[in-house]
Amino acid sequence: FLKNIEFYKHKKPHFFFIHHFMPHAPYLYDNNCKMAKNKQDNDIGYMLNYQCAIKRVIEFTDYIYEKDKNATVIIQGDHGIIHKDKKTLNDRNNITKYTQYLLDRDKQELIKSHKIFNLIKIRDECKKYISNKIDQINAVRLALACNANKSFEILKDNPKL
């Protein structure tokens with residue numbers, strides 16, 4: 001994105017959707033965003049790729065802030081890390097079994113294992129709505145309300161577990 005941004009240098013407003021497939025297996029990068037020479041195991045590979053992804057997020061948000069302080073930016077993960085129980089998670093088919101195990105025995109641990117990265121940058125006048133209750137849905141709703149100069153109310157979290 002940053003390498004090609006000059007293509008969009010005219011002043012019209014823009015909407016960009018970037019699907020950045022990181023950190024996801026195969027874990028190809030080290031924590032400095034260089035191609036890894038050796039295949040990493042899940043835990044180490046995930047962490048190194050996560051650190052690289054955070055570096056890229058910082059570079060991206062620094063660039064956006066420098067160019068447009070009023071830009072709205074939402075960066076979200078689609079799921080958390082699920083490398084919790086290596087005996088149970090030896091293969092992809094067991095993820096469902098582990099999720100069912102947590103659902104039956106420890107719903108809070110299930111929710112915790114699926115927490116996601118959620119970053120939102122909005123105009124200063126909308127920051128009064130930011131709280132620890134801003135989840136994926138409310139972040140998008142807040143950004144839309146803010147850009148439309150509408151009031152905003154957080155939808156209550158109601159997981160049906």
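## Salt bridges

In this predicted model, a search of the whole structure finds four salt bridges. One of them joins the side chains of E59 and R56, with a nitrogen-to-oxygen distance of 3.0 Å. Both residues belong to helix α1, where they stand three residues apart, about one turn of the helix. E59 is partly exposed, at 39% relative accessible area, and R56 is likewise partly exposed, at 36%.

Another salt bridge links K67 with E66, whose closest N and O atoms are 3.9 Å apart.

## Disulfides

A disulfide is a covalent bond between the sulfur atoms of two cysteines. The structure holds two disulfides. When the bonded cysteines are counted along the chain, the pattern is 1-2, 3-4.

In the disulfide formed by C33 and C52, the sulfur atoms lie 2.2 Å apart. The torsion about this S-S bond is about 125°, so the link between C33 and C52 is right-handed. C33 is found in the segment before α1 (42-67) and C52 within helix α1, so the bond ties together parts that are 19 residues apart in sequence. C33 is buried, with a relative accessible area of 10%, and C52 counts as buried at 2%.

The sulfur atoms of C126 and C146 are 2.0 Å apart in their disulfide. This link is right-handed, with 90° about the S-S bond. C126 sits in the loop between β2 (118-121) and α4 (136-147), while C146 is part of helix α4; the pair therefore ties together parts that are 20 residues apart in sequence. C126 counts as buried at 7% relative accessibility, and C146 counts as buried at 2%.

## Aromatic pairs

The structure holds two aromatic pairs. Y46 and Y50 form a stacked pair, 6.2 Å from centre to centre and with 15° between the planes. These two tyrosines are four residues apart in helix α1, a separation of about one helical turn. Y46 counts as buried, at 11% relative accessibility, whereas Y50 is partly exposed, at 30%.

Y129 and F152 form an edge-to-face pair, with centres 5.5 Å apart and 75° between the planes. Y129 lies in the loop between β2 and α4, and F152 in the segment after α4, so this pair ties together parts that are 23 residues apart in sequence. Y129 is partly exposed, with a relative accessible area of 22%; F152, at 10%, counts as buried.

## Strands

Strand β1 covers residues 73-76. V73 and I75 make up its covered face, and I74 and Q76 its uncovered face. Strands β1 and β2 run antiparallel and are joined by four bridges. In β2, N118 is the bridge partner of Q76.

## Nonpolar cores

In soluble globular proteins, nonpolar side chains tend to be buried together. The largest nonpolar core of this model has eight residues: I122, C126, I134, A139, L142, A145, C146 and F152. C126 and C146 are the partners of a disulfide, and F152 is the partner of Y129 in the edge-to-face pair.

I134, a member of this core, touches N118, Y129, A139, L142, F152 and I154 when residues up to four places away in sequence are not counted.

Note on methods:
Residues numbered from 1 in each chain as written. Predicted model: local features only at pLDDT ≥ 70, side-chain atom pairs only at ≥ 80, totals over all residues. Heavy atoms only, no water. Disulfide = S-S within 2.5 Å. Buried < 20%, exposed > 50% of the residue type's maximum accessible area, 1.4 Å probe, protein only. Phe/Tyr/Trp six-rings, centres within 6.5 Å; stacked < 30°, edge-to-face > 60°. Pairing = 2+ DSSP bridges. Core = buried A, V, L, I, M, F, W, Y, C linked by side-chain atoms within 4.5 Å. Contact = heavy atoms within 4.5 Å.
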